[in-house]
Amino acid sequence: MSSSQDFLGPYRLIRLIRSGRRCNVWEAQRSGEQERVACKVVLEEFREDKSEIAQMRNEAMVGKEMDSPYVIKVFEFVNHRTPFIVMQLFNAKNLKQEIRERPDFVAVNIPSYIERCALGLEHLHSKGWLHCDVKPDNYLVDEQGNVKLIDFSIAKPIKGQKSVGLMKIFGKKNIVQGTRSYMSPEQILGKKLTIASDVYGFGCVLHELFSGKPPFTGVSSDDLLQKHLRAAPPSLQALNRSISEPMANLVLRMLSKDPKKRPANMSDFLSELKRTSVYRAGMRPKLNQA
(Lines give C-alpha, C1' and ligand atoms only; values in the text may rest on other atoms or scores of the structure.)
Protein backbone atom coordinates (compact mmCIF):
# COMPACT_ATOMS: atom_id res chain seq x y z
CA MET A 1 0.00 0.00 0.00
CA SER A 2 1.09 3.57 -0.53
CA SER A 3 1.18 5.88 2.48
CA SER A 4 -2.12 7.46 1.39
CA GLN A 5 -3.75 4.03 1.59
CA ASP A 6 -2.42 3.30 5.07
CA PHE A 7 -5.25 5.29 6.68
CA LEU A 8 -9.03 5.08 6.73
CA GLY A 9 -10.15 8.31 8.33
CA PRO A 10 -8.35 8.41 11.69
CA TYR A 11 -7.47 4.70 11.60
CA ARG A 12 -4.04 3.47 10.52
CA LEU A 13 -4.19 0.06 8.86
CA ILE A 14 -1.46 -2.17 10.28
CA ARG A 15 -1.98 -5.72 9.05
CA LEU A 16 -4.43 -7.61 6.84
CA ILE A 17 -6.12 -10.26 8.99
CA ARG A 18 -8.64 -11.84 6.61
CA SER A 19 -9.64 -11.43 2.98
CA GLY A 20 -13.25 -11.99 1.98
CA ARG A 21 -15.43 -11.84 -1.12
CA ARG A 22 -16.89 -8.46 -0.19
CA CYS A 23 -14.84 -7.20 2.75
CA ASN A 24 -11.34 -7.37 4.19
CA VAL A 25 -10.55 -7.25 7.91
CA TRP A 26 -7.54 -5.24 9.05
CA GLU A 27 -5.78 -4.79 12.35
CA ALA A 28 -5.79 -1.03 12.90
CA GLN A 29 -5.07 1.73 15.39
CA ARG A 30 -6.82 5.07 15.84
CA SER A 31 -4.55 8.11 15.82
CA GLY A 32 -3.56 9.12 19.34
CA GLU A 33 -4.74 5.84 20.93
CA GLN A 34 -2.80 2.76 22.03
CA GLU A 35 -5.52 0.13 21.76
CA ARG A 36 -5.65 -1.79 18.51
CA VAL A 37 -8.92 -2.67 16.84
CA ALA A 38 -10.18 -4.56 13.81
CA CYS A 39 -11.61 -2.70 10.80
CA LYS A 40 -13.95 -4.56 8.46
CA VAL A 41 -13.57 -2.69 5.18
CA VAL A 42 -15.83 -3.06 2.16
CA LEU A 43 -13.97 -3.83 -1.07
CA GLU A 44 -13.81 -1.14 -3.72
CA GLU A 45 -16.19 -2.86 -6.15
CA PHE A 46 -18.93 -2.96 -3.47
CA ARG A 47 -18.64 0.61 -2.14
CA GLU A 48 -21.77 1.68 -4.03
CA ASP A 49 -23.72 -1.52 -3.26
CA LYS A 50 -26.66 -0.35 -1.14
CA SER A 51 -27.37 -3.87 0.13
CA GLU A 52 -23.78 -4.34 1.29
CA ILE A 53 -23.74 -0.98 3.09
CA ALA A 54 -27.11 -1.73 4.71
CA GLN A 55 -25.73 -5.02 6.03
CA MET A 56 -22.69 -3.25 7.46
CA ARG A 57 -24.95 -0.72 9.19
CA ASN A 58 -27.03 -3.59 10.57
CA GLU A 59 -23.93 -5.39 11.84
CA ALA A 60 -22.76 -2.28 13.63
CA MET A 61 -26.18 -1.54 15.14
CA VAL A 62 -26.53 -5.07 16.51
CA GLY A 63 -22.90 -5.45 17.58
CA LYS A 64 -22.87 -2.22 19.57
CA GLU A 65 -25.54 -3.71 21.87
CA MET A 66 -23.45 -6.75 22.77
CA ASP A 67 -21.72 -7.06 26.13
CA SER A 68 -20.47 -10.62 26.53
CA PRO A 69 -17.03 -12.27 26.57
CA TYR A 70 -18.43 -14.71 23.99
CA VAL A 71 -19.57 -12.12 21.43
CA ILE A 72 -17.42 -9.70 19.44
CA LYS A 73 -17.94 -6.04 20.37
CA VAL A 74 -18.59 -3.55 17.57
CA PHE A 75 -17.67 0.09 18.24
CA GLU A 76 -18.84 2.07 15.22
CA PHE A 77 -19.79 2.17 11.55
CA VAL A 78 -17.93 4.81 9.56
CA ASN A 79 -19.58 5.89 6.30
CA HIS A 80 -16.31 6.98 4.78
CA ARG A 81 -15.57 7.03 1.04
CA THR A 82 -14.67 3.44 1.85
CA PRO A 83 -17.31 2.35 4.41
CA PHE A 84 -16.01 0.26 7.32
CA ILE A 85 -16.87 -1.12 10.75
CA VAL A 86 -14.61 -0.78 13.78
CA MET A 87 -14.72 -3.68 16.22
CA GLN A 88 -12.86 -5.46 18.98
CA LEU A 89 -9.59 -7.06 17.85
CA PHE A 90 -9.51 -10.82 18.47
CA ASN A 91 -6.59 -12.58 16.83
CA ALA A 92 -7.94 -16.05 16.14
CA LYS A 93 -9.00 -18.41 13.39
CA ASN A 94 -12.61 -19.31 12.87
CA LEU A 95 -14.00 -22.63 14.01
CA LYS A 96 -14.38 -23.87 10.41
CA GLN A 97 -10.65 -23.47 9.86
CA GLU A 98 -9.84 -25.24 13.12
CA ILE A 99 -12.10 -28.18 12.26
CA ARG A 100 -10.30 -28.58 8.92
CA GLU A 101 -6.75 -27.93 10.08
CA ARG A 102 -6.66 -29.30 13.65
CA PRO A 103 -9.46 -31.85 14.14
CA ASP A 104 -7.67 -33.53 17.05
CA PHE A 105 -7.29 -30.23 18.91
CA VAL A 106 -10.94 -29.43 18.26
CA ALA A 107 -12.08 -32.86 19.50
CA VAL A 108 -10.34 -32.32 22.84
CA ASN A 109 -11.96 -28.90 23.26
CA ILE A 110 -15.47 -29.71 22.01
CA PRO A 111 -17.17 -29.60 25.46
CA SER A 112 -15.90 -26.09 26.21
CA TYR A 113 -16.48 -24.94 22.63
CA ILE A 114 -20.10 -26.06 22.77
CA GLU A 115 -20.80 -24.24 26.03
CA ARG A 116 -19.05 -21.01 25.06
CA CYS A 117 -20.52 -20.89 21.56
CA ALA A 118 -23.97 -21.47 23.07
CA LEU A 119 -23.45 -18.70 25.64
CA GLY A 120 -22.58 -16.26 22.87
CA LEU A 121 -25.74 -17.10 20.96
CA GLU A 122 -27.81 -16.95 24.16
CA HIS A 123 -26.50 -13.42 24.81
CA LEU A 124 -27.43 -12.29 21.30
CA HIS A 125 -30.96 -13.63 21.81
CA SER A 126 -31.20 -11.93 25.21
CA LYS A 127 -30.62 -8.61 23.44
CA GLY A 128 -33.56 -9.30 21.14
CA TRP A 129 -31.75 -10.48 18.01
CA LEU A 130 -31.62 -13.61 15.85
CA HIS A 131 -28.29 -14.27 14.17
CA CYS A 132 -29.75 -15.97 11.05
CA ASP A 133 -26.34 -17.25 9.91
CA VAL A 134 -25.08 -19.52 12.68
CA LYS A 135 -22.14 -21.53 11.31
CA PRO A 136 -18.57 -22.49 12.32
CA ASP A 137 -17.18 -19.65 10.17
CA ASN A 138 -18.93 -17.16 12.46
CA TYR A 139 -17.20 -18.28 15.64
CA LEU A 140 -13.61 -17.24 16.31
CA VAL A 141 -11.61 -19.47 18.69
CA ASP A 142 -8.11 -18.89 20.04
CA GLU A 143 -5.42 -21.13 21.51
CA GLN A 144 -6.79 -20.70 25.03
CA GLY A 145 -10.28 -21.84 23.98
CA ASN A 146 -11.80 -18.35 24.07
CA VAL A 147 -14.75 -17.97 21.70
CA LYS A 148 -16.35 -14.96 19.98
CA LEU A 149 -19.57 -15.00 17.95
CA ILE A 150 -19.19 -12.65 14.95
CA ASP A 151 -20.99 -11.26 11.88
CA PHE A 152 -24.43 -9.78 12.53
CA SER A 153 -24.90 -8.52 8.98
CA ILE A 154 -28.22 -10.33 8.41
CA ALA A 155 -29.36 -10.46 12.05
CA LYS A 156 -33.11 -9.91 12.52
CA PRO A 157 -35.12 -8.71 15.54
CA ILE A 158 -36.89 -11.47 17.41
CA LYS A 159 -40.00 -9.36 17.92
CA GLY A 160 -41.94 -7.43 15.32
CA GLN A 161 -40.50 -9.49 12.51
CA LYS A 162 -42.44 -10.09 9.34
CA SER A 163 -42.08 -13.07 7.06
CA VAL A 164 -38.58 -12.53 5.74
CA GLY A 165 -39.06 -14.04 2.30
CA LEU A 166 -35.68 -15.71 2.17
CA MET A 167 -36.83 -18.08 -0.51
CA LYS A 168 -40.18 -17.27 -2.06
CA ILE A 169 -39.56 -19.34 -5.18
CA PHE A 170 -37.79 -22.59 -4.42
CA GLY A 171 -34.74 -23.01 -6.61
CA LYS A 172 -34.54 -19.42 -7.82
CA LYS A 173 -31.04 -18.00 -7.44
CA ASN A 174 -30.09 -15.04 -5.26
CA ILE A 175 -33.17 -15.28 -3.03
CA VAL A 176 -31.70 -17.12 -0.05
CA GLN A 177 -30.01 -14.98 2.61
CA GLY A 178 -27.76 -17.02 4.85
CA THR A 179 -25.62 -20.13 4.34
CA ARG A 180 -27.34 -23.15 2.82
CA SER A 181 -25.44 -25.82 4.78
CA TYR A 182 -26.77 -24.43 8.10
CA MET A 183 -30.27 -23.18 7.24
CA SER A 184 -33.39 -24.23 9.08
CA PRO A 185 -36.33 -25.47 6.99
CA GLU A 186 -38.42 -22.43 7.97
CA GLN A 187 -35.62 -20.08 6.89
CA ILE A 188 -35.42 -21.81 3.50
CA LEU A 189 -39.18 -21.46 3.06
CA GLY A 190 -39.24 -17.79 4.01
CA LYS A 191 -41.36 -18.25 7.12
CA LYS A 192 -41.17 -16.06 10.19
CA LEU A 193 -38.01 -16.92 12.12
CA THR A 194 -37.73 -17.64 15.82
CA ILE A 195 -34.98 -18.57 18.24
CA ALA A 196 -35.60 -22.17 17.15
CA SER A 197 -34.19 -21.25 13.74
CA ASP A 198 -30.83 -20.33 15.29
CA VAL A 199 -31.04 -23.49 17.41
CA TYR A 200 -31.22 -25.48 14.17
CA GLY A 201 -28.18 -23.68 12.78
CA PHE A 202 -26.32 -24.35 16.02
CA GLY A 203 -27.28 -28.03 15.74
CA CYS A 204 -25.62 -28.05 12.31
CA VAL A 205 -22.50 -26.54 13.92
CA LEU A 206 -22.45 -29.27 16.58
CA HIS A 207 -22.88 -31.97 13.93
CA GLU A 208 -19.83 -30.57 12.14
CA LEU A 209 -17.83 -30.36 15.37
CA PHE A 210 -18.35 -34.06 16.00
CA SER A 211 -18.21 -35.42 12.45
CA GLY A 212 -16.07 -32.92 10.54
CA LYS A 213 -18.87 -31.97 8.14
CA PRO A 214 -22.36 -30.42 8.18
CA PRO A 215 -25.35 -32.77 8.44
CA PHE A 216 -26.30 -32.36 4.78
CA THR A 217 -24.43 -32.00 1.51
CA GLY A 218 -25.88 -31.97 -2.00
CA VAL A 219 -24.96 -32.24 -5.67
CA SER A 220 -26.56 -28.82 -6.17
CA SER A 221 -27.88 -25.93 -4.09
CA ASP A 222 -31.47 -27.09 -4.55
CA ASP A 223 -30.55 -30.67 -3.62
CA LEU A 224 -28.94 -29.42 -0.40
CA LEU A 225 -31.97 -27.30 0.50
CA GLN A 226 -34.33 -30.20 -0.21
CA LYS A 227 -32.37 -32.33 2.26
CA HIS A 228 -32.79 -29.70 4.97
CA LEU A 229 -36.51 -29.79 4.25
CA ARG A 230 -37.05 -33.56 4.01
CA ALA A 231 -34.03 -35.78 4.75
CA ALA A 232 -33.19 -37.31 8.13
CA PRO A 233 -29.74 -36.29 9.46
CA PRO A 234 -27.11 -39.04 9.43
CA SER A 235 -26.39 -40.81 12.72
CA LEU A 236 -23.70 -38.97 14.66
CA GLN A 237 -22.79 -42.11 16.58
CA ALA A 238 -22.15 -43.88 13.29
CA LEU A 239 -19.82 -41.04 12.27
CA ASN A 240 -18.12 -40.63 15.66
CA ARG A 241 -18.28 -43.59 18.04
CA SER A 242 -16.93 -41.52 20.98
CA ILE A 243 -20.02 -39.29 21.24
CA SER A 244 -22.50 -40.29 23.92
CA GLU A 245 -26.01 -41.37 22.98
CA PRO A 246 -27.67 -38.54 24.98
CA MET A 247 -25.46 -35.96 23.23
CA ALA A 248 -26.19 -37.43 19.81
CA ASN A 249 -29.92 -37.39 20.60
CA LEU A 250 -29.73 -33.76 21.73
CA VAL A 251 -28.12 -32.73 18.42
CA LEU A 252 -30.73 -34.78 16.56
CA ARG A 253 -33.55 -32.87 18.29
CA MET A 254 -31.89 -29.57 17.42
CA LEU A 255 -32.08 -30.66 13.78
CA SER A 256 -35.79 -31.49 13.88
CA LYS A 257 -37.77 -30.25 10.88
CA ASP A 258 -40.44 -29.09 13.35
CA PRO A 259 -39.21 -26.03 15.33
CA LYS A 260 -41.44 -27.02 18.28
CA LYS A 261 -39.49 -30.26 18.75
CA ARG A 262 -36.15 -28.47 19.16
CA PRO A 263 -34.89 -27.05 22.47
CA ALA A 264 -36.96 -23.89 22.91
CA ASN A 265 -33.97 -21.60 23.36
CA MET A 266 -30.27 -21.61 24.17
CA SER A 267 -30.94 -21.44 27.92
CA ASP A 268 -32.86 -24.71 27.70
CA PHE A 269 -30.08 -26.19 25.59
CA LEU A 270 -27.42 -25.16 28.13
CA SER A 271 -29.47 -26.61 31.00
CA GLU A 272 -29.74 -29.91 29.15
CA LEU A 273 -26.06 -29.82 28.21
CA LYS A 274 -25.10 -29.64 31.90
CA ARG A 275 -26.97 -32.91 32.48
CA THR A 276 -25.45 -34.59 29.43
CA SER A 277 -22.10 -36.33 29.04
CA VAL A 278 -20.63 -35.21 25.74
CA TYR A 279 -18.49 -38.30 25.26
CA ARG A 280 -19.03 -41.94 26.13
CA ALA A 281 -17.31 -43.07 29.34
CA GLY A 282 -13.56 -43.40 28.83
CA MET A 283 -13.71 -42.15 25.23
CA ARG A 284 -13.03 -38.44 25.56
CA PRO A 285 -10.17 -37.64 23.13
CA LYS A 286 -6.77 -36.60 24.46
CA LEU A 287 -4.05 -34.62 22.74
CA ASN A 288 -1.00 -36.61 21.75
CA GLN A 289 1.86 -34.92 23.60
CA ALA A 290 4.55 -36.77 21.68
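**Close-up views of a predicted model**

**View 1. Helix H9 and its packing partners.** The buried residues of H9 (buried: under 20% relative accessible area, with exposed over 50% and partly exposed in between, 1.4 Å probe, protein chains only) pack against H3, helix H5 (195–211) and helix H8 (245–254); contact here means heavy atoms within 4.5 Å. The model is predicted, so local features need pLDDT of at least 70 and side-chain atom pairs count only at pLDDT 80 or more, whereas totals for chains, interfaces and linings use all residues. Residues are numbered from 1 along each chain as its sequence is written, and side-chain values use heavy atoms, with hydrogens and water left out. Helices (H or I, at least four residues) and strands (E, at least two) are DSSP runs numbered from the N terminus. In helix H9 (residues 266–274), the buried residues are Met266, Phe269, Leu270 and Leu273. They lie on the same side of H9 because they cover an arc of only 95° around the axis, the arc being that of the directions from the helix axis to the C-beta atoms. At the N-terminal end, Asn265 caps H9 through a side-chain oxygen placed 3.1 Å from the backbone nitrogen of Ser267. A polar contact is a pair of N or O atoms within 3.5 Å; within protein, one must be able to donate a hydrogen and the other to accept it, and residues adjacent in sequence count only if both atoms are side-chain atoms.

**View 2. The nonpolar cores.** A nonpolar core is a set of buried Ala, Val, Leu, Ile, Met, Phe, Trp, Tyr and Cys residues joined through side-chain atoms within 4.5 Å. The largest has 66 residues, of which Phe152, Phe202, Met247 and Phe269 touch the most other members. Helix H3 (residues 103–126) supplies the largest share of this core, 10 residues. A second, separate core of 11 residues includes Leu8, Trp26, Cys39 and Phe84. Not counting residues up to four places away in sequence, Met247 touches Ile114, Leu206, Phe210, Leu273, Thr276, Ser277 and Val278.

View 3. Three strands form an open sheet in the order S7-S9-S10, with antiparallel pairing; two strands pair if DSSP finds at least two bridges between them. Strand S7 (93–94) and strand S10 (147–149) are the edge strands, each pairing on one side only. Strand S9 (residues 139–141) is joined to S10 by three bridges, and Val141 stands opposite Val147 in S10. H3 packs on the sheet, touching S9 and S10, and its direction makes about 35° with that of S10; axes are lines fitted to C-alpha atoms, for helices over the stretch in contact, and angles run from 0 to 180 degrees between N-to-C directions.

View 4. Asn94, in strand S7, is buried, with a relative accessible area of 13%. A polar atom of the Asn94 side chain lies 3.0 Å from the backbone nitrogen of Lys96. Beyond residues up to four places away in sequence, Asn94 touches Pro136, Asp137, Tyr139 and Leu140. Ala107, in helix H3, is also buried, with a relative accessible area of 18%. Leaving aside neighbours within four places in sequence, Ala107 is in contact with Tyr279 and Pro285. The C-alpha atoms of Ala107 and Lys286 are separated by 8.2 Å, although these residues are 179 apart along the chain.

View 5. Strands S5 (residues 74–78) and S6 (residues 84–88) run antiparallel and are joined by four bridges.
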